[in-house]
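Hi there,

Here is the structure I promised to pass on to you. Have a look at it first, and then read on for what turned up.

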Amino acid sequence: MTTILELTGVSKAFGGIRANRNVSLNVKQGEIVGLIGPNGSGKTTLFSSIVGAHPVDAGTIRFKDVDITPLRVPQIARLGLLRTFQQTRIYGGMTCMQNMVISASQRDATLFDLFARERADLDDRAERLLEFVGLYGKRHLPGGSLSFGQQKLLEFAMALMNEPDMLMLDEPTAGINPTLINGLVDRLKRANEEFGVTLFVIEHNMRAIMTLAERIYCLAHGELLAEGRPEEVRNDRRVIDAYLGAY
Amino acid sequence: MTARHRLLLIAAAGLIGVLWPVLLPAYTIQMAELWLFIVFALTWDLVGGQMGYNSFGNVVFVGVGMYACAVVQVSILYSVSAYTAARGGGTEFVFPPDAYLTGLGLGLAAGAVAAVVVALCLGSLVLGMRGHYFAICTLGLGVAAGELAAGWDWLGAGAGMTAPPPPREIGDTNMLFYYMSLALAAVTFLGLGWLYRTRFVLAINAIRDDEDKAEAMGLDTTRIKVTAWAIGALFLGVAGGIYGNLKRFIDPTEVAFSGATVGVWMVLMAILGGKGTLWGPVIGAIVFQVTKEFFWTFLLGWQRVALGVLIVLIVVFFPQGILGWVRERFPERFGHTVEPDTVPAAAKDTVQ
């Protein structure tokens, strides 16, 4: 398996707060990798650094053998690396279908492509993906009128619409009821198998991430604490201590 | 509203527009102004409504178009500085019909080009700001442009500039400018109607709803925003050129860059009709122009107070505008319907 994402010695500080310190990790093509850690351990900061939302202080980030450290958000998204947000973000004033159609990949797209008439193939794919997440019947409703859980599903479908090579999900199961969590985990796995999307997932729900991920990294105080297969990480003394506050 | 209804409505509006000066010649100027107001409201809504960037500076493009048009109209025969120095008196400047019409055509084109160039230059600077910061900044742009024009001797400085006097052979120029305004309103309406069926409008709607998300999905937000502003400026530049000739006198701060009147009115018309819709600004402009003329006729002396009260009432009772209010009442008319999940296999996973 080839490495799709590789971080070497990434550090990021906000004033005196060192959110990430010398973080090195990698994700292989087609893998599902988890990222866990107590609140405030720097998980979301690491995601933001990877997608170019802010420049890093030190270290390099490589995606598909391209150094993306100096690139900004839209450029990195066009390379096929996408993130979803912890506080679900969709276009509330637009219908689900419109949300989907404008989420289509912008790779190799120019400004003029936007002036072409709406394309039937996009509508088609949007409908199939909405069906995949179970929102087909609500496709003509404004995104903002959906419940929180449904918005999460819509955001996930939008991400798939973009046909990314790799998707980074920030707490996909937060605020969703337990039954739906199982359905979501199942869909994430299917997206990984059927669409071949590499997944990198921040998660606090231990049961969900243990069944989903093949490999897990644990962050604490901005530093990488442990790495390994789910059962190894789960039984790691340092990880347990970090969550209980001993570290 | 079906496609047929829509077509009928457009045809009726067109017919009224074409016949108006024949049927009610006394109101030709007010009606010409209405067509220009529709252009102002429609183009404001492109950026303010559809893209969510509340601009108080669109009047800059009107002023730029107005001055650019007048300058080209004059310079086709005379030196602009000699023309403005005469202050409309002293030397007589004669424009023969041929030269006048050529100048007008070239002037309107120059107005459009100048406005687009200004939009592209300013856009990349100010569209980096968001929300209130953008609104305040554009407010400043309008004021700054007015002060610049008022200090520029070549353009007549604070004394302003008169549009070239039309030759007598052309006849009633109000009719000419009326039909030009009508044509421009029609082109703007149809042009934006086309634009709102492309994915470009989805891109600017996405920027309105969540710009960070749009960026994270790979949309080139900066270029999209500047393009939208430049499209608005294109129509506003031409509108400004016509408006200057209709008004005949171009005052730098009262007519050309008048943030307190036209600059605010265009925002008001779009909000009154319903932001983020194609018909909203049109309805808003009609309601606004009719009430404004009504106030000026029957409440003279109190007209500005009445207008102020109207603004307060609109914002308090119709924050979503007329069309927005209708959409809230009858969402299914706008296609916001729930359908059964047609695929039974997926139904068991469906979130309720």
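Two residues are in contact here if their C-beta atoms, placed from the backbone, lie within 7 Å. Please keep in mind that this is a predicted model.

With that cut-off, let me begin with one residue of chain A. Leaving aside residues up to four places away in sequence, A:Thr45 touches A:Lys12, A:Ala19 and A:Asn20. You will find A:Thr45 in helix H1 of chain A, which covers residues 43–50. Is A:Thr45 buried or exposed? A:Thr45 has 24 other C-beta atoms within 10 Å, and a residue counts as buried at 20 or more, so A:Thr45 is buried. As for A:Arg229, 184 residues away along the chain, its C-alpha atom is separated from that of A:Thr45 by 23 Å.

Next, the place where the two chains meet. There, 38 residues of chain A are in contact with 33 residues of chain B. On the chain A side, helices H2 (73–79), H3 (96–101), H5 (148–161) and H6 (178–194) each supply at least two residues. H2(A) gives the largest share of that side, with four residues. Sorted by class, the side of chain A that touches chain B has 17 nonpolar, 14 polar and seven charged residues.

Now to chain B as a whole. Its secondary structure comes to 16 helices and two strands. The radius of gyration of chain B is 22 Å, close to the 20 Å that the globule rule gives for 352 residues, so chain B is as compact as a globular protein of that length. The C-alpha trace of chain B spans about 85 × 45 × 40 Å along its principal axes. Of its 352 residues, 47% count as buried. Taking contacts in chain B between residues at least 6 apart in sequence, 80% join residues at least 24 apart.

One helix pair in chain B is worth a look on screen. Helix H12 (residues 259–273) and helix H13 (residues 279–298) of chain B pack with their axes 7 Å apart, at an angle of about 115 degrees. That angle makes H12(B) roughly perpendicular to H13(B), and their crossing is right-handed. Among the residues making the contact are B:Trp265, B:Leu268 and B:Met269 of H12(B), together with B:Val282, B:Ile283 and B:Phe288 of H13(B). By class, this contact has 11 nonpolar, three polar and no charged residues.

Notes:
Residues are numbered from 1 along each chain as its sequence is written. Chains are lettered from A and ligands numbered from 1 in the order in which they are written. This is a predicted model: local features need pLDDT of at least 70, side-chain atom pairs count only at pLDDT 80 or more; totals for chains, interfaces and linings use all residues. Axes are lines fitted to C-alpha atoms, for helices over the stretch in contact, and angles run from 0 to 180 degrees between N-to-C directions. Angles under 35 degrees count as roughly parallel, over 145 as roughly antiparallel, 65 to 115 as roughly perpendicular and the rest as oblique. A crossing is left-handed if the near helix is turned anticlockwise from the far one by less than a right angle, and right-handed if clockwise. Ala, Val, Leu, Ile, Met, Phe, Trp, Tyr, Cys and Pro count as nonpolar, Asp, Glu, Lys and Arg as charged, and the others, Gly among them, as polar. The radius of gyration is taken over C-alpha atoms; the globule rule is 2.2 Å times the number of residues to the power 0.38. A residue is buried if 20 or more other C-beta atoms lie within 10 Å of its own, exposed if 12 or fewer, and partly exposed in between; C-beta atoms are placed from the backbone.
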